Amino acid sequence: MRRLIRSFGFAFKGLQYAASTQPNFRIHLGATVIAISLGIALHLSTAEWQWVALSIALVLVTELINTAIETLTDLVSPTYNIKAGHVKDVSAGAVVVAAVFALITGCIVFIPKLILLV
Ligand SMILES: Nc1ncnc2c1ncn2[C@@H]1O[C@H](COP(=O)(O)OP(=O)(O)OP(=O)(O)O)[C@@H](O)[C@H]1O
């Protein structure tokens, strides 16, 4: 049990590191708060919440993995190396794919409900 709590502590340190060093991660956290608030206000169904939750998790997870990959790349290749550049670019590409998925999901779930309001 103590080991489990210690592991959660390390994971929380990782989240804190990402939040304090990565402006993009903070933007995604802000978007998460907005999406959840909007979801509550618009009374999303269970299925709609599942899509929104999946989108949020996908974006935050890819952003965290991207941060880890960037940090590791800087560690193993502090000087210019074309492959280090590719590693960072591909990793950033994963975040873009997740963000586009989240944007499309957000449009599908929220726009019809917002239109009904006006
Ligand atoms: N060591 C390196 N060798 C070659 N190209 C690099 C290297 N480090 C960075 N690059 C190139 O510069 C780009 C930006 O790198 P950087 O480390 O600033 O990442 P970033 O996406 O700006 O990170 P952050 O999300 O922290 O702002 C990379 O995507 C890559 O194309």
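Which helix holds V76? The legend for View 1 has the answer; keep in mind throughout that this is a predicted model.

**View 1. V76, at the end of helix 3.** V76 sits in helix 3, which covers residues 46-76.

**View 2. The shell around the ligand.** Zoom in on the ligand and you'll find Q22, N24, E70, S77, Y80, N81, A84, G85, K88, D89 and A92 around it. Which helix gives the most to this shell? That's helix 4 (residues 82-117), with five residues. Sorted by class, the shell comes out as five polar, three charged and three nonpolar residues.

**View 3. Helix 4 from end to end.** Helix 4 runs for 36 residues, and its first and last C-alpha atoms are 51 Å apart, close to the 52 Å expected at 1.5 Å a residue. Where does helix 4 bend? Look at F110, where the bend is about 35°, with a proline, P112, following within four residues.

**View 4. Buried positions on helix 4.** V95, A98, A102 and V109 are buried in helix 4. An α-helix makes a turn every 3.6 residues, so residues three or four places apart point the same way. Helix 3 is among the elements covering the buried residues of helix 4.

**View 5. H43, in a loop with a positive phi.** H43 belongs to the loop between helix 2 (23-41) and helix 3. What is phi of H43 near? The value is near 50°, positive even though the residue isn't glycine. Most residues other than glycine have a negative phi. H43 counts as exposed, because there are 8 C-beta neighbours inside 10 Å.

**View 6. Spans annotated as transmembrane.** An unreviewed UniProt entry places "transmembrane region" at residues 25-45, 51-69 and 90-111. Take residues 25-45: the chain there is 81% helix and 0% strand, with the end C-alpha atoms 27 Å apart. Over residues 51-69, the chain is 100% helix and 0% strand, and the end C-alpha atoms lie 27 Å apart.

Methods
Residues numbered from 1 in each chain as written. Predicted model: local features only at pLDDT ≥ 70, side-chain atom pairs only at ≥ 80, totals over all residues. Near = placed C-beta within 6 Å. Helix = DSSP H or I, 4+ residues; strand = E, 2+ residues; numbered from the N terminus. Nonpolar A, V, L, I, M, F, W, Y, C, P; charged D, E, K, R; others polar. UniProt positions renumbered as here; feature names shortened; annotations may be inferred. Expected span 1.5 Å × (residues − 1). Bend = angle between axes of the 7 residues up to and from the residue. Buried ≥ 20, exposed ≤ 12 C-beta atoms within 10 Å, placed from the backbone. Contact = placed C-beta atoms within 7 Å.
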